Amino acid sequence: DRTVFLSDYQPFTHLVEQVALTFRLSPGATRVTARLSLAPNPARAGRQDLRLDGEGLTLLSLRLNGAPLALTPDETGLTIPAGLLPDAPFTVETEVEIAPEANTALEGLYMSRGMYCTQCEAEGFRKITFYPDRPDVMARFRVRIESDLPVLLSNGNPAGQGPGWAEWDDPWPKPAYLFALVAGDLVAHSAPFTTASGMPVALNIWVRPGDQDRCAYAMDSLIRSMRWDEQVYGREYDLSVFNIVAVDDFNMGAMENKGLNIFNSKFVLASPETATDDDFGRIEAIIAHEYFHNWTGNRITCRDWFQLCLKEGLTVFRDQQFTGDMRSHAVKRIEDVLLLRARQFREDGGPLAHPVRPDSFVEINNFYTATVYEKGAEVIGMLRRLVGDADYARALDLYFTRHDGDAATIEDWLKVFEDVTGRDLAQFKRWYTEAGTPVVKVTEDWDGATYSLTLSQTNPPTPGQPEKAPKLIPVALGLLNPNGDEILPTTVLELAEPTQTFRFKTATRPVPSILRGFSAPVVLERQVTPEERAFLLAHDTDPFNKWEAGRALAKDVLARMVTEGASPGPDWLDALARVAFDETLDPAFRALALRLPAEDDMAATLHAAGIAPDPARIWAERRRMAEAVARHLAPRLPALIDSLAEPGPFTPDARAAGRRALRLAALSLLSRVDGGTAAAAAHAGADNMTEEIGSLACLLDIGQGAAELARFEGRWSHDRNVMDKWFALQIAYAAPDLAARVTTALTAHPAFDWKNPNRFRAVIGALSANHGGFHHASGAGYRLVADWLLRLDPLNPQTAARMSTAFETWPRYDTARRALVQGELARMAGTAGLSRDLAEMVARMRS
Ligand code: HT7
Ligand code: ZN
């Protein structure tokens with residue numbers, strides 16, 4: 001067990017002033033020389049050993065101040081004993097050999113289809129050379145790359161190049177996790193940029209030859225992100241070049257290496273023919289996210305990995321603001337809350353729950369979670385709401401000036417808010433240190449003159465945290481009078497006690513709109529009549545709560561269908577129709593309103609109500625619900641679909657994307673009553689991937705589309721990113737009884753390259769996400785996913801461990817399913833040689 005504790009933090013023994021690296025690239029035997037200029041750290045008293053991390057490195061030579069040293073590394077690094085070290089600045093030089101072509105874990109220096117690339121966050125640099133691989137060791141890097149490949153890139157500014165070599169110099173001290181190197185046969189899509197203060201920057205997106213005409217949207221997103229960070233946060237770029245590289249084999253979405261961002265190619269490459277509107281949206285958001293890290297992550301980094309949310313929560317918050325500004329704040333908020341509930345609430349309510357700032361870990365890669373990222377962003381949103389926009393801006397300015405160049409902590413972050421506002425944030429800090437989703441119960445009273453709203457919070461126990469003190473919860477409230485007029489505009493109530501009552505003078509009994517904008521990541525419990533929900537759906541001025549009212553209505557209806565065999569009533573169907581056909585509303589909002597509750601969401605809701613969910617029944621009732629909606633709206637659907645046709649060429653902007661989303665939502669409903677005629681015609685006539693794949697999904701959903709699937713494969717077999725969609729779609733739309741079989745068949749497909757993380761996720765991840773199929777009573781879904789995780793684990797533990805979260809929801813289900821999941825977890829735990837990554841996840845998930 002290698003548990004690391006936050007409470008054990010100590011500064012590193014030495015300071016690293018400068019690092020000079022030379023890479024002689026070769027697939028099977030790359031030589032890396034590293035010259036570290038070091039000095040004792042005055043923050044650590046007395047003479048200290050120098051411990052350098054290193055894993056899987058063949059040490060060829062070691063010199064201290066130029067003199068050879070005969071020391072043997074152990075499994076995890078190399079120690080130079082204090083007695084050998086001078087009490088003044090000194091140098092350590094190492095030469096190691098590594099084999100990038102044999103690196104299947106995609107961490108450190110590896111190869112992806114002939115191209116060299118690196119992934120160092122969190123602890124990958126130690127697989128490249130011996131080094132203090134921790135984020136609080138910040139140094140200046142100079143890099144020389146020797147290779148015959150035409151494009152040789154590293155961090156910082158170019159510092160010279162010639163035949164077979166290139167040098168790079170990064171003037172900004174950085175932790176090793178931000179190091180990057182790329183070498184390959186690449187071409188650039190380039191554009192110039194001038195910063196607000198007049199500094200020219202060369203922007204390049206490097207891709208494989210042939211892909212350069214699919215970079216325009218990523219470049220446009222980058223330029224808009226750079227401008228936005230200048231205008232909204234006053235942050236300018238700080239190097240003469242900014243390079244982005246697209247890589248096909250990548251464990252996550254992208255990586256913010258200083259001046260050299262590396263991206264999963266699916267989040268860079270886009271054309272109307274190959275990328276959906278969702279893809280365009282994700283590209284814009286991820287390009288922005290990685291760019292924003294230049295200040296929130298790179299210029300100000302994390303002292304240790306427990307502080308991960310310091311950069312990730314803040315950067316997610318910033319990318320959410322950016323997308324809201326670029327597109328629609330209302331739609332973005334709804335999408336973010338859907339994601340938060342689907343991923344983070346699910347995590348927070350199960351065996352993997354952990355605080356936004358965890359206090360121990362075995363494998364840090366297992367903590368790149370929805371809690372650290374998405375709840376981390378929610379916490380910042382709450383802080384902003386509590387202090388107000390102006391003080392938020394002042395606090396951020398102070399953060400950037402006070403901590404530029406630092407490896408900072410959550411304490412540093414909260415202190416800037418305390419200093420700017422004079423508030424004590426000790427209670428607020430519990431959002432960082434305590435896991436679990438608070439439940440806020442609401443009761444109300446009106447005595448003819450005063451309306452009283454009583455809010456009570458409970459903070460559920462989570463692993464290792466049985467009891468919790470109350471949190472400071474910002475509850476945004478509005479009041480409407482019965483004719484729909486707003487009598488109290490949005491006001492933030494601060495719930496700090498276990499129970500508090502807030503009073504408002506009003507001569508009419510108001511309808512409250514509580515938790516507007518989803519002002520805190522909590523579960524709201526309140527007895528609400530369907531009439532009141534319908535009233536808010538029709539009248540609420542807060543777009544989030546307007547949508548939320550419709551959502552809650554739909555969930556109530558579906559819950560009664562599942563538990564009582566009820567049928568959707570005309571009131572709900574009429575309310576839904578009013579939104580669907582209301583031309584004063586944004587089409588993207590209407591599309592979201594038409595989206596039925598997800599099966600996994602329904603299972604969580606039933607579990608919270610004390611009912612063990614039956615996945616097969618949820619699947620069947622949700623389909624019955626879709627059919628009832630389809631029949632009710634059918635007469636008006638063809639006209640709606642026609643009215644939303646976009647004349648002219650495809651544009652990926654939010655307005656056009658929203659219209660396509662509503663059009664496809666309507667097409668999906670119509671397919672249930674017209675036998676797929678309209679969807680087949682839409683598919684045949686589609687000139688963009690959104691409609692091509694969206695109409696194919698409509699057909700698969702009604703048991704058709706076999707010919708279209710085959711044609712799609714023939715058309716796109718050369719394109720990996722498009723073929724991922726082809727794989728995933730078939731599994732997503734497979735009925736529960738068939739999902740495991742369809743998945744097995746696809747794993748036998750010659751294009752199922754399971755070592756490629758995108759393809760593995762497209763197939764095995766799609767089965768895990770098919771609620772009815774994964775949780776099939778036979779256990780076939782569980783077995784198949786566990787089999788594949790065990791197969792992937794020895795090659796790529798990081799991705800195997802991440803995908804094991806499919807099993808985290810087992811406590812919701814009946815005893816038979818629980819036993820099946822426990823059996824799979826036990827099988828995984830008992831497998832010899834299981835990685836530390838997967839072993840930690842499995843151990844945390846076992847009862
Ligand atoms: N900071 C990065 C997180 C990350 C990562 C990225 C790619 C491969 C492995 C990784 N491990 C951690 C991405 C981000 O949040 O922006
Ligand atoms: Zn990030």
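**Close-up views of a predicted model**

**View 1. The annotated C-terminal span.** An unreviewed UniProt entry carries the annotation "domain: Peptidase M1 alanyl aminopeptidase C-terminal" for residues 531-845, where positions follow the numbering used here, feature names are shortened, and annotations may be inferred rather than shown by experiment. This is a predicted model, in which local features need pLDDT of at least 70 and side-chain atom pairs count only at pLDDT 80 or more, while totals for chains, interfaces and linings use all residues. Residues are numbered from 1 along each chain as its sequence is written, and chains are lettered from A and ligands numbered from 1 in the order in which they are written. The span 531-845 is 71% helix and 0% strand, and its end C-alpha atoms lie 41 Å apart (helices, H or I of at least four residues, and strands, E of at least two, are DSSP runs numbered from the N terminus).

**View 2. The packing of helices H13 and H14.** Helix H13 (residues 599-608) packs against helix H14 (residues 615-633) at an angle of about 120°, with the axes 10 Å apart; axes are lines fitted to C-alpha atoms, for helices over the stretch in contact, and angles run from 0 to 180 degrees between N-to-C directions. The contact brings together Glu599, Met602 and Ala603 of H13 with Pro615, Ile618, Trp619 and Arg622 of H14 (residues are in contact if their C-beta atoms, placed from the backbone, lie within 7 Å).

**View 3. Two assigned domains.** The domain assignment, which is automatic or from a database, gives domain 1 (14-185) and domain 2 (717-847). Their centres, taken over C-alpha atoms, are separated by 36 Å, and the contact takes four residues from domain 1 and five residues from domain 2.

Conventions:
Two residues are in contact if their C-beta atoms, placed from the backbone, lie within 7 Å.
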